[in-house]
Amino acid sequence: MFGPMLFRSAILPLALAFLALAVDARAEAKARAAEFEKDIRPLLDTYCFGCHGGEKVKGDVNLEDYKTLLTVQRNPKLWSNVVDQLESADMPPEKAEKHPTDDERKRLAKWLEDNATRIDLSAIPKDPGRVTIRRLNRSEYNNTVRDLFGVDFRPGKNFPADGAGGGGFTNNADTLFLPPILMENYLEAAGSVLDQAFANDKLRARILFVEPSDTLSPEDAARKILVHFSSFAFRR
């Protein structure tokens with residue numbers, strides 16, 4: 001009774017509150033993006049793109065490439081410099097044909113200062129980076145062999161030491177290499193595990209739960225056994 005009451009009285013309202021905040025944040029991000037398109041980029045077009053746009057740009061700064069708010073937010077350092085130039089009235093230079101009014105200058109600088117570093121994370125493509133396929137460390141290998149085959153055998157004790165990569169953990173995929181000597185150890189351990197398991201009739205029957213017959217070829221029997229054990233070994 002306590003669980004459902006707690007969910008209704010505390011957890012559910014909190015979840016709904018976070019959902020509302022997320023919706024509000026997305027709506028605000030869309031509004032700021034629309035404001036950039038409607039009000040801010042035209043000011044940049046009028047007063048900045050003449051020198052910092054097109055094929056020949058001054059100072060190797062091409063502001064015309066920043067067509068959306070998201071592209072602006074991806075280079076906050078550049079736009080922070082733009083804000084400094086606007087506030088000090090160094091840009092546009094005196095010789096420029098067009099100059100913004102004081103109100104336009106203040107509005108542009110204020111808007112960029114407020115929005116150039118406020119990133120809408122939901123609009124950025126998610127890229128968590130590569131995921132390293134890792135092998136089992138020695139302890140995990142021992143435990144897996146025990147759970148799968150039921151043998152009282154720890155083959156990992158003869159394996160090379162697992163690298164910790166300076167972090168102190170031996171389950172870091174980037175440090176768990178597979179050198180040739182370890183592959184040889186794996187093959188040797190597999191034979192030792194099966195020898196010990198087959199010496200016990202109960203364990204042998206546990207592993208060879210399917211055997212070839214007149215209607216089942218050796219290959220098909222082996223396939224059934226591999227599929228069965230693989231479903232436990234490769235849980236992901």
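**Cavities, pockets and aromatic contacts**

A search of the whole structure finds one cavity of 30 Å³ or more. The structure is a predicted model, in which local features need pLDDT of at least 70 and side-chain atom pairs count only at pLDDT 80 or more, while totals for chains, interfaces and linings use all residues. Residues are numbered from 1 along each chain as its sequence is written, and side-chain values use heavy atoms, with hydrogens and water left out.

On a 1 Å grid over the protein atoms alone, a cavity is a set of points where a 1.4 Å probe fits but cannot get out; a pocket is an open set with protein on both sides within 12 Å along at least five of seven lines, and lining residues have an atom within 4 Å of a point. Grid points are joined across faces, edges and corners, and a volume is the space filled by probe spheres set on the points.

The largest cavity has a volume of about 50 Å³. Its lining consists of Tyr47, Cys48, Leu86, Pro92, Pro100, Glu104, Arg105 and Leu108. Helix H4 (residues 102-115) contributes the most to this lining, with three residues; helices (H or I, at least four residues) are DSSP runs, numbered from the N terminus. By class, the cavity lining has six nonpolar, no polar and two charged residues (Ala, Val, Leu, Ile, Met, Phe, Trp, Tyr, Cys and Pro count as nonpolar, Asp, Glu, Lys and Arg as charged, and the others, Gly among them, as polar).

The largest pocket has a volume of about 1,500 Å³. It is lined by 34 residues, of which Leu136, Thr144, Leu148, Ala233 and Phe234 are the closest to its centre. At least two lining residues come from each of helix H5 (138-149), helix H6 (180-198), helix H7 (201-207) and helix H8 (218-233). H5 gives the most, with eight residues. The lining of the largest pocket comprises 22 nonpolar, five polar and seven charged residues.

For the second largest pocket, the volume is about 450 Å³. Among its 21 lining residues, Tyr47, Cys48, Cys51, His52 and Met91 are the closest to the centre. The elements giving two or more residues to this lining are helix H1 (2-47) and helix H3 (76-87), and H3 supplies the largest share, five residues. Twelve nonpolar, five polar and four charged residues make up the lining of the second largest pocket.

Six aromatic pairs are found in the whole structure. Rings of Phe, Tyr and Trp (its six-membered ring) pair if their centres lie within 6.5 Å; planes under 30 degrees apart count as stacked, over 60 as edge-to-face and the rest as tilted. Tyr66 and Trp79 form an edge-to-face pair, 5.4 Å centre to centre and with 90 degrees between the planes. Tyr66 lies in the loop between H1 and helix H2 (69-73) and Trp79 in helix H3, so the pair ties together parts 13 residues apart in sequence. Tyr66 is buried (under 20% relative accessible area, with a 1.4 Å probe and protein chains only), at 15%. Trp79 is also buried, at 0% relative accessibility.

Phe159 and Tyr186 form an edge-to-face pair, at 5.4 Å centre to centre and 85 degrees between the planes. This pair links distant parts of the chain, with Phe159 in the loop between H5 and H6 and Tyr186 in helix H6, 27 residues apart. Both Phe159 and Tyr186 are buried. Ring pairs join Tyr141, Phe159 and Tyr186 into a cluster.

The charged end of Arg204 sits over the ring of Phe198, 4.9 Å from its centre (a charge sits over a ring if NZ of Lys or CZ of Arg is within 6 Å of the ring centre and within 35 degrees of the ring normal).

Terms used: Buried < 20%, exposed > 50% of the residue type's maximum accessible area, 1.4 Å probe, protein only.
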